[in-house]
Amino acid sequence: MTARTADVLLVGAGAMSSTLGVLLKQLDPSLKIIMVERLDHVAQESTDGWNNAGTGHAAYCELNYTPKKADGSIDTTKAFTINSAFEVSLQFWSYLVEQQALPEPSNFINTAPHCSFVWGQENVDFLRKRYETLSSHVMFKDMEYSEDAEVIRCWMPLVMQNRPASQPFAATRVRYGSDVNFGALTRFMVEHLGKQPDFDLLVSHDVQSLTKQPDGRWLVNVKNKADKHLTPITAKFVFLGAGGGALPLLQKSGIAEGKGYGGFPVSGQWLVCTKPEIVEQHAAKVYGKAPIGAPPMSVPHLDTRIMNGQKSLLFGPFAGFTTKFLKNGSYLDLIKSVNPSNIGPMMSVGANNMDLTRYLISESLQSHESRVKALRNFFPDVQEDDWELSIAGQRVQIIKKNPAGGGKLEFGTEVIISADGSLAALLGASPGASTAVQAMLSIVERCYKDQLATDAWQQTLKAMIPSYGKVLSNEPELLSEVRARTLSVLKLDPTL
């Protein structure tokens, strides 16, 4: 059987693969790219609009990105990293809009002020300290803070309805926060790729095996799920961007760099309201503090969602335990992922995180009434019948070997690349698609070093991302220039 050939094989048709595909096509239009997706449409797993919160993660409102240190100060390391990465995404999307590779921005991104809201004196003190620390830097200079009930009521009316005046509370706001329909964004990017020469999309095709050939290329066998026909593909470079499905594929590749990695799958659920009379009273993403003992991805938030021009409200997430790695996966996914190289770290994490496991199981067994009770902290006047349950996408958190022995559970993302740069995989979840451009740039930098050293690639990269090669947090003038452009092109600042 004659194998199809490609320069680049993208496995998974979600936010990560589509971003990498567009980046590479912009840098070298002659590249032959094949994208393989196991489902019958693109962006159907975690990238789909209803499978994630749609927050353009910029660290404006997510309190878990700024933990309090032992000395009482605020650790801003992660906040600055994530904010910088999201600025890169905004620059890339703005470039694609200007090039008409993406449509009118409101089709995939809309303004939704990013707010934090807390109650109780200890939490108020924490938020005030966080605000003082972040707003003193140019990257967060536009953050607002208030403990005034009337000011906060203007920012988030539903949250303040019939809230006891005696309760200490505080809020912050960045007016140009965003709500992103990552599913729509991904479909637009794949649609753009489809108009380019030497790009093929194979949906309903499942990867069966990945084998490194003596000539350095990868032989990847993919099966058509409809007729069971097997198609061999040889590729110079393979990217495994299949969300929760990336770990099993990484294990199939057999690269040494993937040894020892395991996954801890977590399911998610939302309460959703579509009643116009309620939806129109809230126009923000309002994040609180996670309950004691809850994992970082369970920070509660009440969000405006805008998809296909329709507004709704979403509250959650409510986490749950599952053994699936994908929403459309198998309950055997977790068991099948265990092998001699990762069983030690996985057992160690299991033994050391029993509280987390019990928490996830209890979350999944909650009643509608108990979920609405949690929402009542954000919306005191909530009525149960106005909200219904929606199932979100699956997340697979990273389990890896701990240098000190055993294993550790991580809640971020990680790029794994083979020694020769011929294969890369992205594992993990949060902050996910918001930082896809930065993550995919890191792959380009490590896997296409020679090409990246050329003037042509450097000029193209700087045209797409004007801040490329610079540290925005150290370049206040460049940051102001870049941010003014992206907020204008993407129509995110209501004052412009």
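**View 1. Cys61 and its contacts in a predicted model.** Setting aside neighbours within four places in sequence, Cys61 touches His114, Cys115, Ser116, Arg130 and Tyr287. This is a predicted model, so keep that in mind for each view here. Cys61 belongs to the loop that runs between β2 (33–36) and α2. Cys61 is buried, and its relative accessible area is 0%. Gly177 is 116 residues away from Cys61 in sequence, yet the two C-alpha atoms are 9.0 Å apart in space.

**View 2. Cysteines without a disulfide partner.** A disulfide is a covalent bond between the sulfur atoms of two cysteines. How many disulfides does the count come to? The count comes to zero disulfides. Take Cys61: the closest cysteine sulfur is the one in Cys115, and at 7.7 Å that is too far for a bond. Cys154 also has Cys115 as the closest cysteine sulfur, but here the gap is 12 Å, again too far for a bond. Is Cys154 buried or exposed? Cys154 is exposed, with a relative accessible area of 65%.

**View 3. A stacked pair of tyrosines.** A pair of aromatic rings is described by the distance of the centres and the angle of the planes. The count for this model comes to 13 aromatic pairs. One of them is Tyr131 with Tyr145, a stacked pair with 5.3 Å from centre to centre and 20° between the planes. Tyr131 sits in helix α3 (residues 121–135) and Tyr145 in strand β5 (residues 144–146), so this pair ties together parts that are 14 residues apart in sequence. Tyr131 has 23% relative accessibility, which makes it partly exposed.

**View 4. Charges over rings.** Back to Trp119 for a moment: Arg163 lies over the face of that ring, at 5.9 Å from the ring centre. Elsewhere, Lys324 has its charged end over the ring of Tyr331, at 4.7 Å from the centre.

View 5. In soluble globular proteins, nonpolar side chains tend to be buried together. The largest nonpolar core here has 78 residues, and the members that touch the most others are Phe92, Trp93, Phe239 and Ile443. Helix α2 (residues 77–98) gives this core its largest share, eleven residues. Which residues does Phe239 contact, leaving aside its neighbours within four places in sequence? They are Leu9, Leu10, Val11, Met16, Ser17, Leu20, Ala424, Ala425, Leu426, Met440 and Ile443. There is a second, separate core too, made of 40 residues, among them Tyr261, Phe325, Leu356 and Ile399.

**View 6. Helix α1, mostly tucked away.** Helix α1 (residues 15–27) counts 13 residues and reaches 18 Å from its first C-alpha to its last, close to the 18 Å expected at 1.5 Å a residue. Twelve of the 13 residues of α1 are buried, so the helix is largely enclosed by the rest of the structure. The buried ones include Ala15, Ser18, Gly21, Val22, Lys25 and Leu27. Met16, Ser17 and Leu20 are buried in α1 as well, and these residues are among the contacts of Phe239 in the previous view.

Notes. Residues are numbered from 1 along each chain as its sequence is written. This is a predicted model: local features need pLDDT of at least 70, side-chain atom pairs count only at pLDDT 80 or more; totals for chains, interfaces and linings use all residues. Side-chain values use heavy atoms; hydrogens and water are left out. Rings of Phe, Tyr and Trp (its six-membered ring) pair if their centres lie within 6.5 Å; planes under 30 degrees apart count as stacked, over 60 as edge-to-face and the rest as tilted. Helices (H or I, at least four residues) and strands (E, at least two) are DSSP runs, numbered from the N terminus. Buried means under 20% relative accessible area, exposed over 50%, partly exposed in between (1.4 Å probe, protein chains only). A charge sits over a ring if NZ of Lys or CZ of Arg is within 6 Å of the ring centre and within 35 degrees of the ring normal. A nonpolar core is a set of buried Ala, Val, Leu, Ile, Met, Phe, Trp, Tyr and Cys residues joined through side-chain atoms within 4.5 Å. Contact means heavy atoms within 4.5 Å. The expected span of a helix is 1.5 Å times one less than its number of residues. A disulfide is a pair of cysteine sulfur atoms within 2.5 Å.
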